[in-house]
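Please keep the sequence and the structure in view while reading.

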Amino acid sequence: MDRIRIRGGQRLNGEIPISGAKNAALPLMIASLLTDDTLTLRNMPRLADVNLLARILGNHGADMTVDGKRHGCNNVQGDTVHLTARTIVDTTAPYEFVSRMRASFWVLGPLLGRCHEARVSLPGGCAIGTRPVDLHISGLAALGADIDLEDGYVIATAPKGLIGARVSFPKVSVGATHNVLMAATLARGETVIENAAREPEVRDLADCLVKMGAKIEGAGTDTISIQGVERLHGATHRVLPDRIETGTYAMAVAMTGGDVELIGAQGDLLDAALDTLRQTGVTVDKTNRGLRVARNGSGIEPVDVSTSPFPGFPTDLQAQFMALMTMAKGRSEITENIFENRFMHVQELARLGANIQLDGDKAIVTGVDTLNGAQVMATDLRASVSLVIAGLAAEGETVINRVYHLDRGFERIERKLGDCGADISRLSE
Ligand code: UD1
């Protein structure tokens, strides 16, 4: 299993290209199930999760081709993919797949919309809390689906097709919003989603669906209305830049000091995180090509943070921000409001010498002058990248084990950081 070795202490200087957003790319790929035409997606990130989802969609009958794919290489290499689900050959998403990637549960809505039936395993994914799917199920049931749970599978049918309805979520869920939004595009009549997720990735999905012929208004706000249509057609869509990758590299620069331009980054996708970073003493400026992030000699100011749905501070940047706070000039409080049990990075950061106390959904971080390299283990996607950030500033050598988590969500991280002066390499076995 690959490991990442970092020798800390180098400032980051240079440019980092920001990839297309993983969390938009996945639902966009799934949207290809809604039509028998070809959906072309540009600016796709090259990630393990994209490859896995391509296999899952292949099982349903969707073909994916990639422009610029290198001969003899099984990984996605180009950044344009074409997905065609001419015929849905199988409406079952088996446990082997869904347990490996939670987002694949979102095939439920599109399969129901197009085929009026679906059998989808209950998901697994990152081990960050229980992560139920009740909102997905109640949302689709509101559109008229009959839903049963059998042997770990959700079995959903709507023999006469889905019917538009009012879906009022008691809690904001990105995935349930994606699922109901996709299903509703092919339902009869109007669906209104209340308390919808406002994440930019929901808006990106809606923009793509509109290009495919869907009638959607309000995506990006908490009320989305969808007028069902009979069929959707092919389209070409460019995936929006990854705000989590952007915030992660911005925090890496904040941690090591230096000056990096994040090419293609869009600051308005992460205002809350950038405002927080500025309070720590970092400068963040818009440039013609993206964002410039810099921190000079001054230390890192401690800042309290509380995660919340968009437009608040994202839970997907919580671990990275905690890594930064481990070397701040004082005490900070980090509150996790989205997922229980999303503090698995705490004990690994402690191995590097961080001083963090946990109190329920709150972590109290007391900054230390130095971190020291050690062997650590990646436990989930965002936690593992927080260890990279800490390792970049730690004295000596840090080795991160189980980096497959990292490969799920960060494209060529060792190259992007290495090009900016980090001493980082992948140890393959
Ligand atoms: C998505 C993102 C993930 C991010 C999360 C929150 C992708 C591929 N993943 O995950 O990176 O951390 O949004 O921004 O885009 N919940 C329920 N019942 C449900 C569904 C969710 O109670 O049926 C709860 C969850 O346990 C959690 C909260 O709602 O506490 C938010 O989860 P949700 O927004 O659904 O996260 P995901 O869509 O899985």
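## Packing of helices

Helix α10 (residues 318-325) packs against helix α12 (residues 381-393) at an angle of about 25°, and their axes are 7 Å apart. The model is a predicted one, in which local features need pLDDT of at least 70 and side-chain atom pairs count only at pLDDT 80 or more, while totals for chains, interfaces and linings use all residues. Residues are numbered from 1 along each chain as its sequence is written, and side-chain values use heavy atoms, with hydrogens and water left out.

Some terms are needed from the start. Helices (H or I, at least four residues) and strands (E, at least two) are DSSP runs, numbered from the N terminus. An axis is a line fitted to C-alpha atoms, for helices over the stretch in contact, and angles run from 0 to 180 degrees between N-to-C directions.

Because of their angle, α10 and α12 are roughly parallel to each other; this word applies under 35 degrees, whereas over 145 counts as roughly antiparallel, 65 to 115 as roughly perpendicular and the rest as oblique. The crossing of α10 past α12 is right-handed, a term used if the near helix is turned clockwise from the far one by less than a right angle, with left-handed used if anticlockwise. On the side of α10, the residues A319, Q320 and A323 meet R382, A383, V385, S386, I389 and A390 of α12. The residues of this contact of α10 with α12 comprise six nonpolar, two polar and one charged. Contact here means heavy atoms within 4.5 Å. For the classes, Ala, Val, Leu, Ile, Met, Phe, Trp, Tyr, Cys and Pro count as nonpolar, Asp, Glu, Lys and Arg as charged, and the others, Gly among them, as polar.

Apart from its neighbours within four places in sequence, I389 is in contact with T248, M251, A252, M255, Q320 and A323. The C-alpha atom of I389 is separated by 38 Å from that of Y153, and these two residues are 236 residues apart along the chain.

A second pair of helices consists of α1 (residues 22-31) and α7 (residues 200-211), whose axes come within 9 Å and cross at roughly 30°. The helices α1 and α7 are therefore roughly parallel to each other, and α1 passes α7 in a right-handed crossing. In this contact, N23, A24, P27, L28 and A31 belong to α1, and E201, D204, L205, C208 and L209 belong to α7. Seven nonpolar, one polar and two charged residues make up the contact of α1 with α7.

## Strands and sheets

An open sheet is formed by four strands in the order β10-β11-β13-β12, with mixed pairing. Two strands pair if DSSP finds at least two bridges between them. At the edges are β10 (166-168) and β12 (215-217), each of which pairs on one side only. From one strand to the next, the twist averages 15°. Helix α6 (residues 174-185) lies across β10, β11, β12 and β13 (223-227), and runs at about 25° to β13.

| Strands | Sense | Bridges | One partner pair |
|---|---|---|---|
| β10 and β11 (residues 190-194) | parallel | three | V167 and I193 |
| β20 (residues 355-359) and β21 | antiparallel | five | D359 and K362 |

The strands β20 and β21 form a hairpin with two residues between them, and G360 in the turn has a positive phi of about 65°.

## Backbone features in loops

The peptide bond from F310 to P311 is cis, with omega near 10°. P311 lies in the loop between β18 (305-306) and α10.

Two residues other than glycine have a positive phi: N195, with a value near 60°, and R412, with about 45°. N195 is in the loop between β11 and α7, and its relative accessible area of 27% makes N195 partly exposed. R412 is in the loop between α13 (404-409) and α14 (413-418); with a relative accessible area of 33%, R412 is also partly exposed.

Methods:
Buried means under 20% relative accessible area, exposed over 50%, partly exposed in between (1.4 Å probe, protein chains only).
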